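Subject: A structure for you to look through

Hello,

I am handing over a structure that I would like you to read through with the notes below beside you. Please take your time with it, and look up each residue as you meet its name.

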Amino acid sequence: IVISLIYLEKLMYTSKIEIRFINWEPLLFTAILLASKFWEDVNYWNIDYEEHLGLYPLKSINRMESEYLSLCDYNMYVSTDLYNDY
């Protein structure tokens, strides 16, 4: 969850996107998805999120993930110091 928060703030800083009522849910979902993939040893495939959560279709999940990474300039690294600051 902490990594997801860092990713959300990174997105807001690098892309100037504001979190609003209309976009908070897909942004949070994608931040959690990316944090899970980047930081966990064992993670789920995107199809698993579609099948078990049923929030978004697979095509949308893939697109949101790709766009999020692009908006963050593919920089998902979080230093130990930054993590400890949070």
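What follows is a description of what was found, arranged by topic.

**Confidence**

Please keep in mind from the start that this is a predicted model. The mean pLDDT of the protein is 91, and 100% of its residues reach 70 or more. Among the elements of the protein, the highest mean pLDDT, 95, belongs to helix 4 (residues 58-71), while the lowest, 85, belongs to helix 3 (residues 46-53).

**The nonpolar patch**

On the surface there is a nonpolar patch formed by I1, M12, I19, F21, W24, L28 and I32, which together have about 740 Å² of accessible area. Which helix gives the most to this nonpolar patch? It is helix 2 (residues 24-39), with 3 residues. One of the patch residues, W24, is found in helix 2, and W24 counts as partly exposed because its relative accessible area is 40%, which falls between the limits of 20% for buried and 50% for exposed.

A31 is also found in helix 2, but A31 has 0% relative accessibility and therefore counts as buried. If you follow the chain from A31 to L69, you pass along 38 residues in sequence, and yet the two are 9.7 Å apart in space, C-alpha to C-alpha.

**Aromatic rings**

The count of aromatic pairs in the model comes to 4.

Another edge-to-face pair is made by Y44 and Y49, whose centres are 6.1 Å apart and whose planes are 75° apart. Is Y49 buried or exposed? Y49 counts as buried, because its relative accessibility is 13%, whereas Y44 counts as exposed, because its relative accessibility is 54%. These two tyrosines also belong to a cluster, in which ring pairs link F29, Y44, Y49 and Y56.

**Charged side chains**

In general, side chains of opposite charge can pair when their charged atoms come close. How many salt bridges does the structure hold? The structure holds 2.

E65 is buried, with a relative accessible area of 13%, while K37 is partly exposed, with a relative accessible area of 27%.

**Loops and backbone angles**

The loop between helix 1 (2-15) and helix 2 holds K16, a residue that counts as exposed because its relative accessibility is 64%. The charged end of K16 sits over the ring of Y13, at 5.3 Å from the centre of that ring. Most residues other than glycine have a negative phi. K16, however, has a positive phi of about 65° although it is not a glycine.

D73 likewise is not a glycine and has a positive phi, of about 55°. You will find D73 in the loop between helix 4 and helix 5 (80-85), where D73 counts as exposed because its relative accessibility is 58%.

The loop between helix 2 and helix 3 contains D41, which at 81% relative accessibility also counts as exposed. From D41 to N84 there are 43 residues along the chain, and the C-alpha atoms of the two are separated by 21 Å.

With best wishes

Key
Residues numbered from 1 in each chain as written. Predicted model: local features only at pLDDT ≥ 70, side-chain atom pairs only at ≥ 80, totals over all residues. Heavy atoms only, no water. Patch = residues over 30% accessible without salt bridge, like charges linked within 9 Å, V, L, I, M, F, W, Y side chains within 5 Å. Areas by Shrake-Rupley, 256 points an atom, 1.4 Å probe, with all protein chains shown as cover. Salt bridge = Lys/Arg side-chain N within 4 Å of Asp/Glu carboxyl O. Helix = DSSP H or I, 4+ residues; strand = E, 2+ residues; numbered from the N terminus. Buried < 20%, exposed > 50% of the residue type's maximum accessible area, 1.4 Å probe, protein only. pLDDT = per-residue confidence, 0-100. Phe/Tyr/Trp six-rings, centres within 6.5 Å; stacked < 30°, edge-to-face > 60°. Lys NZ or Arg CZ within 6 Å of the ring centre and 35° of its normal.
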